[in-house]
Amino acid sequence: RIPGIPNFDGHELLHCINELLLLDKHFCPFKPGYSLYIRPTLIANDKSLGVAASRAAKLFVILSPCGPYYKTGFAPVRLFSSNQFVRAWPGGTGGNKTGCNYAPTIFPQKAAAQDGYQQVLWLFGDDHRISEVGTMNIFLFFQHKNGERELVTPPLDGTILPGVTRDSILHLAREWNEFTVSERFVTMKDLQDAVENESILEIFGAGTAAIVSPVQAIN
């Protein structure tokens, strides 16, 4: 349930999406790395202007053929990291897919792009915990000194978006049972140490539109 806006029947919405997919299935690009992007959207549409809970809303679904999210295609992305800006905070809406979550990210993302970076690596707290990468969830793959391999992504603490691609990766990795899968925080100091002792094998972002994007470098 979404507070402050009229509710809807989730099962009925899924039925409507199924019918829409059957109607527009010819728009789906059947190529590796491409997909049909599905975006349910819920907006308030009261016939008044003000700051209050809405009594009316419009629910609609957009379908769009989706290819490479970045201009660089499927090439590894370069990230800019800074503790000057914060994407989400405890008690906020970082764990929900809401338009207001994107407002704090626009200026830092533009500045990073001007310096040649595809995305911002978001940090939080005095210990500079790694939270998300741009509009994606982040994954880090370690090989520890004891030989254990571990795939790590930050836990859903209310500031992390519970992305469906994130959930799919966690389910698949646990099903493979080839390495440890953890939902825990990693700080920038942890990552720097892992780079220095060569225990970090891979870093990648995962999102509905971006799919899985490997990380080439972090500044």
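Ground rules first. This is a predicted model, where local features need pLDDT of at least 70, side-chain atom pairs count only at pLDDT 80 or more, and totals for chains, interfaces and linings use all residues. Residues are numbered from 1 along each chain as its sequence is written, and side-chain values use heavy atoms, with hydrogens and water left out.

The overall picture, then. The protein chain has four helices and ten strands. Those are DSSP runs numbered from the N terminus: helices are H or I with at least four residues, strands are E with at least two. Read from the N terminus, the order is α-β-β-β-α-β-β-β-β-α-β-α-β-β. Along the principal axes, the C-alpha atoms fill a box of roughly 60 × 40 × 35 Å. Of the 219 residues, 36% are buried. Buried means under 20% relative accessible area, exposed means over 50%, and partly exposed is in between, with a 1.4 Å probe and protein chains only. The chain exposes about 13300 Å², and carbon and sulfur atoms supply 57% of that. Those areas are Shrake-Rupley values with a 1.4 Å probe; for residues, only the protein chains shown count as cover. Now take contacts, meaning heavy atoms within 4.5 Å. Among those between residues at least 6 apart in sequence, 63% join residues at least 24 apart.

Next, the inside. What does the largest nonpolar core hold? It has 18 residues, and those with the most contacts inside it are L121, I130, L140, F142, L191, I200 and I203. By core I mean buried Ala, Val, Leu, Ile, Met, Phe, Trp, Tyr and Cys residues joined through side-chain atoms within 4.5 Å. Two or more residues each come from β3 (77–82), β4 (119–124), β5 (129–133), β6 (136–143), α4 (188–196) and β9 (200–207). β6 gives the largest share, four residues. Look at L191. Beyond its neighbours within four places in sequence, L191 touches I130, L140, V186, I200, I203 and I218. A second, separate core has ten residues, including I169, L170, A173 and V181. In soluble globular proteins, nonpolar side chains tend to be buried together.

There is nonpolar surface too. I43, F60 and I62 make a patch with about 230 Å² of accessible area together. Patch members have over 30% relative accessible area and no salt bridge; like charges are joined within 9 Å, nonpolar side chains (Val, Leu, Ile, Met, Phe, Trp, Tyr) within 5 Å. I62 sits in strand β2, residues 57–66. I62 is partly exposed, at 42%.

Now the loop between β1 (35–44) and β2, where S54 lies. Is S54 buried or exposed? Buried, at 12% relative accessible area. Outside its four-place sequence neighbourhood, S54 contacts G4, I5, P6, A44, N45 and D46. A polar atom of the S54 side chain lies 2.4 Å from the backbone oxygen of A56. N45 is in the loop between β1 and β2 as well. N45 is partly exposed, at 34%. A polar atom of the N45 side chain lies 3.0 Å from the backbone nitrogen of A57. N45 and A56 are eleven residues apart along the chain, with C-alpha atoms separated by 5.6 Å.

Two backbone angles to check. H128, in the loop between β4 and β5, has a positive phi of about 55° and is not a glycine. N177, in the loop between α3 (164–176) and β8 (180–183), has a positive phi near 55°. N177 is exposed, at 65%. Most residues other than glycine have a negative phi.

Last, charges. The structure holds six salt bridges. The criterion is a side-chain nitrogen of Lys or Arg within 4 Å of a carboxyl oxygen of Asp or Glu. E150 pairs with R184 at 2.9 Å between the closest N and O atoms. E150 lies in strand β7 (149–153) and R184 in the loop between β8 and α4, so the pair ties together parts 34 residues apart in sequence. E150 is buried, at 7%. R184 is partly exposed, at 31%. R166 pairs with E183 at 2.7 Å. R166 lies in helix α3 and E183 in strand β8, so this pair ties together parts 17 residues apart. R166 is buried, at 3%. R166, R174 and E183 are linked in a salt-bridge network. K189 and D193 meet at 3.0 Å, N to O. Both lie in helix α4, four residues apart, about one turn of the helix.

Definitions and conventions: A polar contact is a pair of N or O atoms within 3.5 Å; within protein, one must be able to donate a hydrogen and the other to accept it, and residues adjacent in sequence count only if both atoms are side-chain atoms.
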